[in-house]
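I take the pairs before the rest.

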Amino acid sequence: QVQLVESGGGLAQVGGSLRLSCAASGRPISTYVMGWFRQAPGKGREFVAAINRSGTNTRYADSVKGRFTISRDNAKNTVYLQINSLKPEDTAAYYCAADTYWTTYIPSQPDDYGHWGQGTQVTVPS
């Protein structure tokens, strides 16, 4: 099955930017819908963004619209999350997720994704 490894997280200031990467191996991601979720301490796993197989359609949580951009490069087997205008509320562990079941639907629920990375931490001090 596909393995996912996130990178690019770290400590950033309010208003700053980060670019997270999700590198996949084992299987091509061209047949997967790809998503990003985040989880802050004491909170559940929250949907952030997702992108369909071809990269022509995206879906975002209201809290990140206009600041976050999800993209994919199927040739590089990599998905990205560009994060701009960082806020302290963005502090969380960010997880990459994938699933092959969905064709046109872009799911936003964690249970709809069968493959997960181990996460990368984003910290934005207030």
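I began with Arg38 and Glu46, whose side chains meet in a salt bridge at 2.9 Å, N to O, in what is a predicted model. I looked up the exposure of both partners and found Arg38 buried, with a relative accessible area of 5%, whereas Glu46 is partly exposed at 33%.

I then noted that Arg38 also forms a salt bridge with Asp90, again 2.9 Å from N to O. Because Asp90 lies in the loop between strand S8 (78-83) and strand S9 (92-99) while Arg38 belongs to strand S4 (residues 33-39), this pair ties together parts that are 52 residues apart in sequence. Asp90 counts as buried, at 1% relative accessibility. Through shared partners, salt bridges join Arg38, Glu46, Arg67 and Asp90 into one network.

My count of salt bridges came to four. One of them links Lys65 and Asp62, with the closest N and O atoms 3.1 Å apart, and here both residues are exposed.

Next I asked myself what the side chain of Arg72, in strand S7 (residues 68-73), reaches. I found the backbone oxygen of Ile51 at 3.4 Å and the backbone oxygen of Arg53 at 3.3 Å. Arg72 is buried but has no salt bridge, and Asp73, the nearest side chain of opposite charge, is 8.5 Å away.

Last, I looked up the largest pocket, which holds about 200 Å³ of space. Its lining has 14 residues, and Arg38 and Glu46 are among those nearest the centre; I recorded seven charged, four polar and three nonpolar residues in that lining.

Key: Residues are numbered from 1 along each chain as its sequence is written. This is a predicted model: local features need pLDDT of at least 70, side-chain atom pairs count only at pLDDT 80 or more; totals for chains, interfaces and linings use all residues. Side-chain values use heavy atoms; hydrogens and water are left out. On a 1 Å grid over the protein atoms alone, a cavity is a set of points where a 1.4 Å probe fits but cannot get out, and a pocket is an open set with protein on both sides within 12 Å along at least five of seven lines; lining residues have an atom within 4 Å of a point. Grid points are joined across faces, edges and corners, and a volume is the space filled by probe spheres set on the points. Ala, Val, Leu, Ile, Met, Phe, Trp, Tyr, Cys and Pro count as nonpolar, Asp, Glu, Lys and Arg as charged, and the others, Gly among them, as polar. Helices (H or I, at least four residues) and strands (E, at least two) are DSSP runs, numbered from the N terminus. Buried means under 20% relative accessible area, exposed over 50%, partly exposed in between (1.4 Å probe, protein chains only). Lys and Arg count as positive and Asp and Glu as negative; His and the chain ends are not counted. A polar contact is a pair of N or O atoms within 3.5 Å; within protein, one must be able to donate a hydrogen and the other to accept it, and residues adjacent in sequence count only if both atoms are side-chain atoms.
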